[in-house]
Amino acid sequence: MSSSNNTIFITQAGGCLNGKLRVPGDKSISHRSIMFGSLAEGVTDVNGFLEGEDCLSTMKAFRAMGVEIEHSGEGRVRIHGVGLHGLKQPDGDLDLGNSGTSMRLMAGLCAGQSFPVTLTGDASLSTRPMRRVTDPLKEMGAVIGTTEKGTPPLKISGDTKLNAITYTLPMASAQVKSCLLLAGMYAEGKTCITEPAPTRDHTERMLQGFGYQVDRNGPTACLEGGGKLTAANIDVPADISSATFFMVGASIAEGSDILLENVGINPTRDGVISILKLMGADITLSNEKEICGEPVADIRVKSANLQGIDIPEDLVPLAIDEFPAIFIAAACAEGVTRLTGAEELRVKESDRIQVMADGLIALGIKVEPTPDGIVIQPGTFSGGEVHSHGDHRIAMSFAMAALRATGDITINDCDNVATSFPNFIELANHSGLKISN
Ligand code: S3P
C-alpha cells in the first residue's frame, strides 16, 4: 500500500556495522503507556517513549478525548489520567494513521465508553482486517460496524452494556487479546481470553503494573470488570523490533561488531534472537535486568556465517514483526530457509510475504512464496530497485541488504519508516551503513 509522498532511500553497497547504539523506544509499550496512563487515576510519567508517528496517533486520539498529555520531546511524556470513566466524546473522527495497534486496542476501550466514536486510518490501515476484533466485541454486546469488507472505519456506538466473554482467539494475536481484555475492564463479570500460541504480553504486564489484577493460567488471561487503574511511571525499553535490523545487518556484514543497549527481551518478543541463533548468529546478551516489569539487556552482535533453517513454527508469533529482516538474513545464509505457519504476515502493514518476495526477486534472490510462508534460496543481492509499499519494516530490511549487495539498492516509498523508527537513517549511517534520501 503506497503512502502519499515517496521518500526514497538510496543505500550504497558494502560496509559493515560497528559501535554502540540505542534504538528508539518499544512501540507496543509506548502505545499502551498512553492508553493506560490516560485511563489511570493520577499522573503517569513516561521516559523513553517512541516519538514515532504511530504512537503520536495514539497520543493525539487520547488528547481528542479530553486527556491532558504534556509532551516535551526526547521520549518524555506526562499524562494526567482521567480514570476509566473520564474520557470525553471527541469533536470528530479519531484518525489513527498507519497504526493497527492503536485501532485494535482502542476498539476495545472505546466499546466501553458512554459516547460514540469513529476510528479511521490511512490507506494501508483502511485495508486491514477488523472483524477479528469486532466479532468478539459484538458478542460482548458492543454495537460496532466496519465496511462490508470488514475493514475500517470502525463506527462504535458506545453507551452499551458490555458483558464479559470467554473467548479462544482464532489466531495468535496480541492486538485481539489486548482489545478484549481492555473491553473486559468495562464489562460485567470475568473476561477470559485464551490464545492458541503465546503472543506479546505487554498488556497483561502493564495492567498489573497499574494495579489491575490479571490472572494468567497457561494460555488464558482473565480479568474482572469494574476495577481501576492507578498511575505508574514507565521506562520504555528500546524496541527489539527496531534492534532487529541492526542484528541482521551486523550478522550478515563481515567485520561487524555492534552493541545494542537496553533492548526489551520479553520472552514473548525474543523469537528473532532464537531464530538468528539457530542460523548460527553470534549474539550475546549482557547486563540483563528488569525495568517496570519488562526484562531488558544489552545485545552484542558480531558477523557470522549463517545457515539456512526450517524456522520452528512455535517461534513465529514471538518474531511476528521481524520476518522481513529475517528474510534478508536467510538470503545471505548457506542453505535453504523455509518459513511456514506465518499467514498473519499477509495482513500486516503490507502483505509481507509477497512484498518481500518481490523485492528479493528484484535483487536476484530465488524465493517461493507460499500461502503461509516462503522458501528462500541463498544468493547474492545484486543492486537494484525495490518497493516497500509504504511498509516501514520492509524499507528498513532492504536497507540492511545493501551491506551484502554488489550494487546500490534504491528503496521506494519509505515515508512510513517514521511510524516506528524516526531516526533510522541517522543511526544506520552512524553505525556504518550509507543511506541517503
Ligand atoms: C502488536 C501486536 C502484533 C504486532 C504489532 C504490534 C501489539 O500484532 O504485529 O506490530 O502491540 O500488540 P498482532 O497481535 O496482530 O500479531
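Colleague: Which residue of β11 is the bridge partner of T166?

Modeller: In this predicted model, strand β10 covers residues 166-168 and pairs with β11 in the parallel sense over three bridges. T166 belongs to this pairing, and its bridge partner in β11 is C192.

Colleague: Which helix makes a β-α-β unit with β10 and β11, and what is the handedness of that unit?

Modeller: The two strands, which pair in the parallel sense, form the unit together with a helix of residues 174-184. That helix is α5, and the β-α-β unit is right-handed.

Colleague: Which element gives the most to the lining of the largest cavity?

Modeller: The lining has 28 residues, and those nearest the centre of the cavity are Q175, R200, I320, D321 and K348. The elements that give two or more residues to this lining are α1 (27-39), α3 (100-111) and α5. With four residues, the element that gives the most is α1.

Colleague: How many residues in the lining of the largest cavity are charged?

Modeller: Divided by class, the lining of the largest cavity includes four nonpolar and nine polar residues. The number of charged residues in that lining is 15.

Colleague: Why is one side of β6 and of β8 left without a neighbour in the sheet?

Modeller: Four strands form an open sheet of mixed pairing, in the order β6-β7-β9-β8. β6 (94-95) and β8 (144-145) each have a single partner strand, so one side of each is left without a neighbour because both stand at the edges.

Colleague: Which residue in β7 stands opposite D95?

Modeller: Strands of a sheet pair through backbone hydrogen bonds, either parallel or antiparallel. Here β6 is joined by two bridges to β7, residues 117-120, and the two strands run parallel. Opposite D95, the residue that stands in β7 is T120.

Terms used: Residues numbered from 1 in each chain as written. Predicted model: local features only at pLDDT ≥ 70, side-chain atom pairs only at ≥ 80, totals over all residues. Heavy atoms only, no water. Pairing = 2+ DSSP bridges. Right-handed = clockwise from strand over helix to strand, strands pointing away. 1 Å grid on protein atoms, 1.4 Å probe; cavity = no way out; pocket = protein on both sides within 12 Å on 5 of 7 lines; lining within 4 Å. Nonpolar A, V, L, I, M, F, W, Y, C, P; charged D, E, K, R; others polar.
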